[in-house]
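Hi everyone, thanks for making time for this. I'd like to walk you through a structure that may be new to you, so let's bring it up on the screen.

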Amino acid sequence: KKASTLSRSSGINAEYGGFESVDLMKLKRIGKKTTPEQQQQQQAQQQAQQQQPPAAGGEQDAKAGQKLRGEAYISRYAGGLGFDFYPQNNNIYLVATEEGFIHKCSCSYNEQYLQTYTGHTGPVYKVKWSPFVPDCFLTCGADWTIRLWHSDLTKPALTFVSSTKSVNDICWSNVCATVFGAVSDNRIEIWDLRTTNLDPVIISSVSDPETRLSSFLFSEGSSTLLVGDSSGHVTVYQLRNIADPSPTHIQTLRDVVMPMPSSQSMSLSSTSITSNPPER
């Protein structure tokens with residue numbers, strides 16, 4: 001949910017017949033890094049504002065100051081747009097924020113992040129752990145991109161761009177480790193890293209221009225897709241012409257996302273992958 005506080009269900013409330021919840025963390029904003037020159041400029045501006053004489057209408061100025069202080073207080077927290085618990089340890093989870101950061105958090109610590117991942121240039125809508133490869137996850141957001149990450153690296157291993165529309169949702173296949181899907185405002189995309197990382201292997205566009213695709217889900221153990229849209233409809237699709245998972249499909253994903261020496265090249269089938277070298 002979009003909120004600055006994450007809550008976790010802790011059980012059924014017998015009195016009211018609903019779920020109880022516990023706040024996991026308040027999502028604090030992370031300020032952008034500034035150079036020493038920028039810091040000096042900010043300090044000079046603050047000092048100049050403090051030295052200015054008060055203007056007429058002190059009461060109105062006081063109210064305006066209170067409003068500004070209130071806005072500054074609210075801005076200390078970021079909106080959370082999506083999260084996912086680590087499949088092998090539900091004490092660990094990832095949070096996607098409107099700032100463009102992804103935070104790795106623990107239920108045992110509610111005051112600090114374990115790790116912060118940077119790379120998106122706009123709000124991050126969804127984050128999903130891989131069901132096959134631990135420590136591998138996908139994100140998507142308003143900057144038109146899907147990004148593939150390893151939890152040990154703060155920068156994405158790969159970035160996928162196929163359109164100039166925000167990517168609203170993503171989901172891993174439950175059958176093959178190298179297959180995932182995504183939806184933008186008007187189309188469905190299926191990616192298969194065994195074939196290529198440059199373009200989706202399947203694209204299906206929506207004919208109604210007023211319909212916005214908002215959610216996407218692979219069914220368990222089959223090739224069926226569920227897609228939700230802004231009109232409140234859920235459409236069921238049958239996935240075809242995707243090769244069955246090979247015995248090495250899990251290792252293929254590992255080879256893509258794990259750090260490799262810069263002298264080695266990464267390849268999938270006959271298509272080479274080009275990406276920035278991972279940070280050590």
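Let's begin with a sheet. Four strands make an open sheet in the order E11-E12-E13-E14, and their pairing is antiparallel. E11 and E14 are the edge strands with a single partner strand each, so one side of each has no neighbour in the sheet. From one strand to the next, the twist averages 15°; axes here are lines fitted to C-alpha atoms, for helices over the stretch in contact, with angles from 0 to 180 degrees between N-to-C directions. When I say that two strands pair, I mean that DSSP finds at least two bridges between them. Strands (E, at least two residues) and helices (H or I, at least four) are DSSP runs, numbered from the N terminus.

A word on where this comes from. This is a predicted model, in which local features need pLDDT of at least 70 and side-chain atom pairs count only at pLDDT 80 or more, while totals for chains, interfaces and linings use all residues. Residues are numbered from 1 along each chain as its sequence is written, and side-chain values use heavy atoms, with hydrogens and water left out.

Back to our sheet. E11 and E12 are joined by a hairpin through six residues, and the two strands pair in the antiparallel sense over five bridges. Within that pairing, Cys 171 stands opposite Gly 181 of E12. Further along, E13 and E14 run antiparallel and are joined by four bridges, with Ser 204 in E14 as the bridge partner of Ile 188.

How many of the residues of E11 are buried? Six of the six are, so E11 is largely enclosed by the rest of the structure. Buried here means under 20% relative accessible area, exposed means over 50%, and partly exposed is in between, using a 1.4 Å probe and protein chains only.

That takes us to the inside. A nonpolar core is a set of buried Ala, Val, Leu, Ile, Met, Phe, Trp, Tyr and Cys residues joined through side-chain atoms within 4.5 Å. The largest one has 20 residues, and Ile 146, Leu 148, Phe 160, Phe 180 and Leu 253 touch the most other members. Two or more residues each come from strands E8 (136–141), E9 (145–150), E10 (158–161), E11 (167–172) and E12 (179–184), and from helix H3 (249–257). Apart from this core lies another, of 12 residues, including Cys 176, Phe 218, Leu 225 and Leu 239. As background, nonpolar side chains in soluble globular proteins tend to be buried together.

Take Ile 146 as an example. Beyond its neighbours within four places in sequence, its contacts (heavy atoms within 4.5 Å) include Leu 138, Phe 160, Val 167, Phe 180 and Trp 191.

Two of those names meet again in a ring pair. Rings of Phe, Tyr and Trp (its six-membered ring) pair if their centres lie within 6.5 Å; planes under 30 degrees apart are stacked, over 60 edge-to-face, and the rest tilted. The whole structure has 12 aromatic pairs. Phe 180 and Trp 191 form a stacked one, 6.0 Å centre to centre with 10° between the planes. Phe 180 lies in E12 and Trp 191 in E13 (residues 187–192), so the pair ties together parts that are 11 residues apart in sequence. Both Phe 180 and Trp 191 are buried.

Now for a second sheet. This open sheet has three strands in the order E15-E16-E17, with antiparallel pairing. Its edges are E15 (213–218) and E17 (234–238), each with a single partner strand, so one side of each is left without a neighbour in the sheet. E16 (residues 224–229) and E17 pair over five bridges, and Val 227 has Thr 235 in E17 as its bridge partner.

What about the loop between strand E14 (202–205) and E15? Thr 211 lies there, and this residue is buried at 12% relative accessible area. Leaving aside neighbours within four places in sequence, Thr 211 is in contact with Asp 185, Val 206, Asp 229 and Ser 230.

Finally, the overall picture: the chain has three helices and 19 strands, and 36% of its 280 residues count as buried.
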